[in-house]
Each structure stands twice: as C-alpha cells, then as structure tokens.
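Here are some notes to read alongside the model. Have the sequence open as well while you go through them.

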Number of protein chains: 2
Amino acid sequence: MAILNRMIVLAARPEGAPQESDFKLVERPLPPLHAGTFLARTEFFSVDPYMRIRISDESYAEPTNIGDVMLGGAVGTVVESKHPDYHPGDAVAGEWGWQEYAVSDGKGVRRLDASVAPVSTALGVLGMPGMTAYFGLLEIGRPKEGETVFITGAAGAVGSLVGQIARIKGCRVFGSTGSDEKVAYLEKELRFDGAFNHKEVRDCAAKLEELCPSGLDIFYDNVGGPVSDAAFGSLAVGARVVVCGQISQYNNRTMARGPRMLWRLVAQRARAEGFMVYQFADRFPEGLRQMSQWIREGRITYRETITDGIENAPKAFIGLFTGQNIGKQLVRVARPS
Amino acid sequence: MAILNRMIVLAARPEGAPQESDFKLVERPLPPLHAGTFLARTEFFSVDPYMRIRISDESYAEPTNIGDVMLGGAVGTVVESKHPDYHPGDAVAGEWGWQEYAVSDGKGVRRLDASVAPVSTALGVLGMPGMTAYFGLLEIGRPKEGETVFITGAAGAVGSLVGQIARIKGCRVFGSTGSDEKVAYLEKELRFDGAFNHKEVRDCAAKLEELCPSGLDIFYDNVGGPVSDAAFGSLAVGARVVVCGQISQYNNRTMARGPRMLWRLVAQRARAEGFMVYQFADRFPEGLRQMSQWIREGRITYRETITDGIENAPKAFIGLFTGQNIGKQLVRVARPS
C-alpha cells in the first residue's frame with residue numbers, strides 16, 4: 001500500500017499579508033519508487049521571506065501555482081532507495097518543499113554529515129541563509145577593517161550572521177530589529193556595537209546619527225521601508241548598500257512610495273546592489289567551509305526558532321512578517337531519527 | 001588704474017527653481033598681480049546642473065555663499081603674467097567661475113591648444129562633461145558589445161556623449177529628452193537606435209517596453225523622477241544604473257517621493273551606483289586622449305548652445321532646468337582673441 005504523503009499546497013495567492021487560508025494541508029499517495037530514485041522522510045523544512053514573492057504573480061522566477069506543494073529547502077533521511085549512491089539512513093538536504101516525504105533522483109541534493117553539525121543547520125547557517133550572509137556581505141559589501149556596518153532585520157536568519165561575519169572582518173556593527181528581546185540578543189549574545197528596536201524608536205535617522213556619527217560604510221538591507229530610508233540618509237562617502245531583501249514590502253498590493261534616494265547615491269558616491277544567493281552557487285563549498293570553521297572556533301553562533309508539525313507551517317511562515325522568529329525559522333516535521 | 005572685473009555673485013539661495021533675482025552682476029576692481037600669478041580674460045564659462053546643488057544648503061561640498069562669485073569651469077586667455085610658466089596669449093582653462101577676469105597661480109589650470117580643438121570644448125566634450133560621460137559609462141556602467149543602453153537627458157552635454165560612446169562600444173542606444181527637436185537630433189544626427197520626448201509620451205514604461213523589449217542593461221540617469229522610475233521597471237537581469245545626475249529633483253524644496261525601487265535591484269540582481277567625475281581625475285589624460293581621437297575620427301560629434309554676455313548667465317543657467325539647451329550650455333563673455 002502506498003504511503004500517504006502529507007504536504008502543504010498553495011490554496012490561494014495571498015492578497016497582502018498571507019493568511020492561513022491561503023494554504024491547505026493535503027494527503028497524496030506517494031508514487032512507487034523507480035530505479036535511480038530514493039525516498040526521503042523530511043525532518044525539517046524551511047520557511048523564508050522570499051517564498052512570499054515566489055507564490056505571487058510578481059515572482060522573479062516561475063511562481064508556485066495554486067495546488068502546487070509549497071517550495072523551499074528541506075532536510076531529511078533516506079528511508080528507501082533505488083539509487084546507487086543513496087542508502088537508507090543517509091542525511092540529505094534538497095529543495096522538495098513543505099512535505100513529509102520526497103522522491104528524488106538526487107539532483108540538487110546535498111549529503112549532510114550529522115556528526116559535523118545538526119542537520120537543521122543545512123537550512124540556516126550552513127545553508128541558503130548562511131551563504132546569503134557570507135557572499136552578500138563579502139562580495140557585494142566588500143567590508144574593510146574598521147568600517148561601520150548597519151543591518152536591518154539584524155536578528156533574522158541572515159542578518160544575525162551578517163553581523164557576526166562583519167565583526168570577524170574587523171568592522172563596527174549595528175543593527176535594527178523589531179523587539180527589545182532581539183535588541184538584547186544582538187548586543188549581549190552577538191556583541192553588536194549597538195542595536196535598536198525600529199518599532200519603538202521614533203526617529204530612526206536620529207538614532208543612526210547618534211550610533212554611527214561618521215556614517216555607514218555598508219548598509220545590509222533585509223527590510224526596506226522607513227528604517228531603510230533612514231539608513232540611506234546616513235550613508236558615508238563610498239558606501240555600499242547590499243540589497244538582500246525587502247521584507248517590509250513583500251505584502252504590498254501596489255508598489256509603495258518612499259523618498260527618492262538616487263541623489264543620495266550621487267552625493268555619497270555610493271552603490272546599491274541587489275543579488276540572489278545562487279549567483280554564488282559555484283562558491284558555496286568555500287563559503288560552507290569557512291562558516292563551518294568559524295562555528296567550530298566559536299566565532300559564529302546561531303539560533304533557530306522551531307515550529308513543530310507540518311500543519312503549523314503556514315503560521316510559522318506568516319510569523320516571519322511580524323518578526324516572530326529569532327534566527328532561522330524552521331518547521332520540524334519529524335524528530336531526527 | 002585697476003581693471004574693473006564684472007562677475008555674477010550669488011544674491012540669494014534659490015527656493016525651488018532658481019530665479020534671475022538670485023544672482024547679481026557686480027563690478028569689483030582686480031587686485032594687483034603678484035609674482036607667481038597671471039591674469040586671464042574669460043572667453044567662455046560653463047553653466048551646469050550641479051551648480052544648483054552647490055548654491056544650496058544641501059551641497060555635498062562646501063557651498064557657494066551669498067556674495068561669492070558663482071562657481072564653475074571657464075576658459076580664457078592669459079593677458080598679463082608674473083608667472084614663469086604662463087605668457088600672454090596662452091589659452092587656459094580653470095575653475096574661476098562666472099567672471100570676466102581671473103587671477104590665478106596656475107593651480108588647477110589646464111593649458112589648451114586651440115589648434116587641436118576650439119577652446120570652448122574644454123568645458124564640454126573635452127572637459128568635465130566629456131569625462132563624466134566617458135568614465136561614468138565605461139567605469140560605472142561597464143558596457144559590453146550588444147547591450148542595450150538607455151540615457152535620460154540624452155541630448156544634454158553629458159547624455160549626448162554617453163550615447164555616442166555606447167555606440168562606439170557596440171551597444172544599442174536609446175534616450176529620452178524633452179523636445180521633438182532633440183529627439184530628431186538624437187535619432188538623425190547622433191544615430192541613436194531610438195529616442196522619445198518624455199514630456200509628450202504618456203506612458204514612458206510602455207514606450208521603453210516597446211523600444212527595448214529585452215530590457216535595459218545599462219541605464220545612465222541624468223534626470224530622475226518619473227522617466228527614471230520607468231527605466232527601473234525595465235532593467236534587465238544584471239543591469240547597471242549609472243546615477244550621474246537627477247536634474248528633475250534639484251529644485252525640490254523637500255525630498256520628493258516616488259516608487260520604492262530597491263526590490264527591483266534584488267529581482268534583477270542589478271546595481272545602482274552614483275559617482276562624481278573627480279573620482280577619475282587621475283585618469284583624465286587617458287579620457288581626453290581617447291575623446292580627442294574619436295572626435296578626429298568623426299565618431300563623436302558635439303553641440304554647444306552659446307549664450308552671449310555675462311549678464312545673461314543666470315538666464316542660461318535657469319534654462320538648463322527647462323531644457324533650453326542642446327548639448328553643452330556655455331556663456332560667451334568675450335570673443336576668442
């Protein structure tokens with residue numbers, strides 16, 4: 001008898017902020033395993049802000065359609081295999097999305113060594129968010145020792161790593177985030193030079209002026225909107241704006257308006273550059289090696305916010321937009337075996 | 001008896017669009033010539049959009065103050081000299097601003113060879129605007145053969161050169177400008193692949209879509225505002241936005257608002273970079289050599305719009321903001337001797 005595979009599919013394209021009703025838990029029988037494929041059972045899958053774009057009509061890549069299983073990174077264990085290279089018990093990571101099981105031919109699958117790091121890290125510090133922080137900061141931002149770096153969404157999966165990498169590179173590091181608890185996390189645990197709660201600070205521009213009187217050499221933006229406007233006002237000459245994400249804008253129904261910032265780029269001889277992590281895919285081995293080493297040395301730490309149960313994935317996803325998570329938000333489908 | 005030197009001084013900081021009353025023609029006696037200095041009589045001086053910023057409180061550099069002579073590039077002839085290296089009759093260019101005469105110690109002065117090109121070109125194609133076009137396009141834009149380049153303010157001193165350099169580099173070149181006469185100039189004389197009058201075209205985004213269906217690889221922006229918004233909507237993957245100027249914004253009393261564009265940079269993995277020409281000052285000899293060669297080969301042509309009489313300089317300057325000029329706007333103070 002075929003195994004029933006539980007999965008979350010897209011039920012409706014969200015209008016504005018996503019609702020739980022935009023998603024549906026369905027059960028579909030797994031297809032039989034063909035030669036050259038294996039079956040993995042999901043332990044964790046990832047919910048990430050970028051998925052908001054990918055389930056919209058405005059997606060930069062082929063959008064997830066109504067009825068499709070939700071996309072995203074997942075880690076799990078091979079439970080059955082007709083593939084010569086994969087065996088039951090192997091830990092693997094892939095892009096099979098929000099489902100309990102996946103059949104794979106191994107394409108895009110990465111083997112994990114659970115003795116090196118917990119497999120969940122393959123979705124965070126040693127996965128897409130880690131590589132986004134690493135290459136975004138180092139290749140787009142190009143930090144130099146002594147420079148000042150400001151990060152929005154600084155307690156998130158990416159931002160929390162950007163700040164730590166910037167510190168390793170000898171930068172002074174500041175961040176904005178959405179709660180006092182997260183401010184404390186940044187200042188005490190991650191040893192940021194300063195952080196503030198952008199929901200509480202009335203005048204972010206004045207706050208930045210106070211924290212970083214000589215301006216921002218690098219502004220790593222995950223958020224967009226008013227706090228990002230304030231940062232543009234504080235750019236130092238020669239600044240680099242690493243445009244990683246704009247989570248405050250993803251739920252907009254129409255293009256939001258804000259202050260025109262292009263002249264700031266001229267006045268400060270500054271650069272704003274958007275990127276997507278897969279541009280650096282051929283260098284992931286280097287990035288993973290370096291991040292692993294920094295973790296071993298205790299120079300990079302990470303947090304995970306874990307939501308249990310596939311049925312709670314929509315809630316976990318929706319929570320990203322109100323800042324429910326610290327560090328990487330994961331959904332745990334099954335306990336690691 | 002001392003020569004009376006006529007000059008235009010800043011009478012008031014403009015509020016919004018500059019008015020003639022913001023400037024004043026005054027006469028001041030020239031100081032006696034000391035050893036190591038020379039006296040030059042101005043033939044032409046330059047009026048440029050950047051001066052609007054430099055006479056405001058928001059200037060990126062030390063602003064021109066009330067009562068100061070207006071700043072800017074000028075060319076002229078040495079008429080008297082106590083400097084060992086300069087002799088009467090020498091053609092020179094410098095930054096002595098809007099005045100009939102200047103005393104100089106030679107600092108920042110460039111010698112001109114009127115047999116190579118008319119001296120007025122030292123303020124245009126072989127001067128600051130030429131270098132702005134050359135280094136802005138080549139170093140910030142980094143054009144590759146076959147790419148599509150779109151230029152706002154395309155018939156201006158800088159834009160008209162950017163388009164021609166881009167054509168030399170094998171790009172397809174499109175531009176927006178503010179009159180049908182200028183559209184004809186771009187398409188017929190400069191052989192742009194397409195141009196449009198942004199004051200007449202109702203939907204610039206649709207127009208760009210029609211002209212450049214595969215998007216803009218380079219967007220060289222001199223203007224800002226709605227036509228620039230449309231161009232951001234047409235960026236190709238990997239696009240470079242060369243932010244040279246934002247003339248549509250310089251007269252704003254408060255920061256204007258427009259569509260938030262940062263997400264576009266992410267979606268297109270694009271870069272927007274502001275610059276100022278003096279960043280490339282040490283490479284001006286190379287730029288001038290190359291531009292001179294292209295002029296000799298007939299591959300670069302240029303136009304000048306000449307206003308006669310120092311008393312008409314404010315009018316010529318004000319006209320930049322309504323697009324009165326084609327190519328480089330100059331003020332002729334005296335006929336070349």
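1. Ground rules. This is a predicted model, where local features need pLDDT of at least 70, side-chain atom pairs count only at pLDDT 80 or more, and totals for chains, interfaces and linings use all residues. Residues are numbered from 1 along each chain as its sequence is written, chains are lettered from A and ligands numbered from 1 in the order in which they are written, and side-chain values use heavy atoms, with hydrogens and water left out.

2. Helix α8 of chain A. Helices here are DSSP runs of H or I with at least four residues, strands are E runs of at least two, and both are numbered from the N terminus. α8(A) covers residues 284–296, and at 1.5 Å a residue its 13 residues should span 18 Å, which agrees with the 18 Å between its end C-alpha atoms. (The expected span is 1.5 Å times one less than the number of residues.) Just after the helix, Gly298(A) has a positive phi of about 75 degrees.

3. Its two sides. Which residues of α8(A) are buried? They are Gly287(A), Leu288(A), Met291(A), Ser292(A) and Trp294(A); buried means under 20% relative accessible area, exposed over 50%, and partly exposed in between, with a 1.4 Å probe and protein chains only. These residues cover an arc of only 165 degrees around the axis, so they sit on the same side of α8(A). (The arc is taken from the directions from the helix axis to the C-beta atoms.) Arg289(A) and Arg296(A) are exposed, on the face turned away from the buried side.

4. What the buried side packs against. In chain A, the partners of the buried α8(A) residues are β7 (110–112), α2 (128–141) and α3 (159–168). Contact means heavy atoms within 4.5 Å.

5. α2 with α8 in chain A. The axes of α2(A) and α8(A) are 10 Å apart and the angle is about 100 degrees; axes are lines fitted to C-alpha atoms, for helices over the stretch in contact, and angles run from 0 to 180 degrees between N-to-C directions. The two helices are therefore roughly perpendicular, the label for 65 to 115 degrees (under 35 is roughly parallel, over 145 roughly antiparallel, the rest oblique). From α2(A), the contact uses Gly130(A), Met131(A), Tyr134(A) and Phe135(A), and the α8(A) residues include Phe284(A), Leu288(A) and Trp294(A).

6. The pair in chain B. Helices α2(B) and α8(B) have axes that come within 10 Å and cross at roughly 100 degrees. That makes α2(B) roughly perpendicular to α8(B).

7. Helix α6 of chain B. Six of the eight residues in α6(B) (226–233) are buried, so the helix is largely enclosed by the rest of the structure. Among the buried ones are Val227(B), Asp229(B) and Phe232(B).

8. Backbone angles to check. Most residues other than glycine have a negative phi. Arg142(A), not a glycine, has a positive phi of about 50 degrees, and it lies in the loop between α2 and β8 (148–152) of chain A. In chain B, phi of Arg142(B) is near 50 degrees.

9. Leu4(A). This residue is in strand β1 (4–10) of chain A and is partly exposed, with a relative accessible area of 45%. Leaving out residues up to four places away in sequence, Leu4(A) touches Glu27(A), Arg28(A), Pro29(A), Glu100(A) and Tyr101(A).
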